[in-house]
Amino acid sequence: MQNLTALSLKTEQGQLFVLDQTLLPHRQQWLPCNTVAEMVNMIKKLQLRGAPAIGIGACLLLAVRAEQGVSCQQLRQDAEILRAARPTAVNLMNNIDSMLKALTGPDYAKNAVACAEALFFEDVALCQQMAAHGAALVQPDEQLLTHCNTGGLATAGVGTALGVINLAHQQGKNIRLWVDETRPLLQGGRLTAWECEQLGIPYQLICDNMAAMLMARGQVDRIFVGSDRIAANGDFANKVGTYSLAVLAQYHQVPFYVVAPHTTVDLNCADGSVIPIEQRDGNEVRGVSGAFGQTLWAPENAPVFNPAFDVTPASLVTGWVLDTGVYSQADIANGVLKQFA
């Protein structure tokens with residue numbers, strides 16, 4: 001396998017390494033990933049996160065193990081375990097399905113490496129295409145808002161929503177960005193803010209519950225968010241809190257866009273009601289943990305409801321920014337997503 005490098009993933013001399021995103025922004029540590037159990041643990045702990053990055057990371061691990069001589073039968077079993085690591089992110093399932101098709105015949109190891117590398121470079125290209133389509137929507141001097149982390153940490157390329165925002169910045173459009181902190185795991189505060197500093201994007205960090213005030217004051221011109229799964233009717237799942245933003249955006253007449261590669265479209269989900277929503281550990285809400293340690297602010301046994309994602313209905317979306325173009329509600333209603341069958 002050739003050496004591949006992304007912001008959160010890299011292969012060097014036939015080994016896979018993952019940037020531990022739980023330690024950002026103050027510490028950058030690359031972890032070797034040699035086993036399926038390690039990869040599943042990294043995904044569940046969010047050391048590796050972001051729908052495209054999860055899928056590609058899992059496939060790169062399978063490719064590395066194939067090169068190391070693991071049997072085709074074992075790799076196929078490994079693939080099924082990895083496929084179930086996070087239930088909402090459909091990119092993982094789509095990418096694993098591609099790898100399962102490659103894991104056949106006497107040349108299965110060679111095929112697996114070729115497939116994983118192709119998926120990596122495909123995502124890089126998809127990110128560039130999304131960025132170009134989305135940045136064309138941004139007007140000079142606009143104030144943008146985003147939620148969670150959708151940059152290079154979450155993909156093999158420049159990102160989805162943050163890739164759009166960064167290209168608009170590179171084009172000299174003099175944008176400013178509001179970054180939701182993204183409770184409860186603070187991916188905006190820890191990760192998007194860090195990426196903005198690396199990229200030189202002018203930003204201000206806000207608590208999630210401050211977005212309404214900014215919209216009411218006319219200080220948000222456009223919203224870009226990512227997605228972990230888009231249903232056939234255009235409903236989409238994204239980090240919890242996205243639905244709230246969409247409702248606020250409609251009330252304040254702020255354009256609201258979802259940015260994702262076509263690999264995030266799941267035509268097997270007729271609408272958002274059948275998208276599986278991951279429930280996470282209650283301690284993520286009872287307190288906070290990170291490189292600094294753990295702090296508990298709620299009663300130790302406080303009952304917690306902690307969905308990782310929520311579903312935004314298509315009726316609240318101004319446009320779907322995919323690698324193939326920007327689609328309106330009319331496009332979605334006319335079945336444009338069926339092209340990705």
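Okay, so a helix here is a DSSP run of H or I with at least four residues, a strand is an E run of at least two, and both are numbered from the N terminus. The expected span of a helix is 1.5 Å times one less than its number of residues. Take α4, residues 90–102: it has 13 residues and covers 19 Å from first C-alpha to last, close to the expected 18 Å.

Quick caveat: this is a predicted model, with local features needing pLDDT of at least 70, side-chain atom pairs counting only at pLDDT 80 or more, and totals for chains, interfaces and linings using all residues. Numbering starts from 1 along each chain as its sequence is written, and side-chain values use heavy atoms, with hydrogens and water left out.

Back to α4. Its buried residues (buried is under 20% relative accessible area, exposed over 50%, partly exposed in between, with a 1.4 Å probe and protein chains only) include Val90, Leu92, Ile96 and Met99. The buried residues of α4 pack against α2, α3, α5, β9 and β12, where contact means heavy atoms within 4.5 Å.

Now, what does α5 meet α2 with? Ala109, Ala112, Val113, Ala116, Leu119, Phe120 and Asp123. On the α2 side you've got Pro52, Ile56, Cys59, Leu60, Ala63, Ala66 and Glu67.

Last one, Leu337, in the segment after α11. Is Leu337 buried or exposed? Buried, at 2% relative accessible area. Leaving aside neighbours within four places in sequence, Leu337 touches residues including Ile230, Val265 and Leu322.
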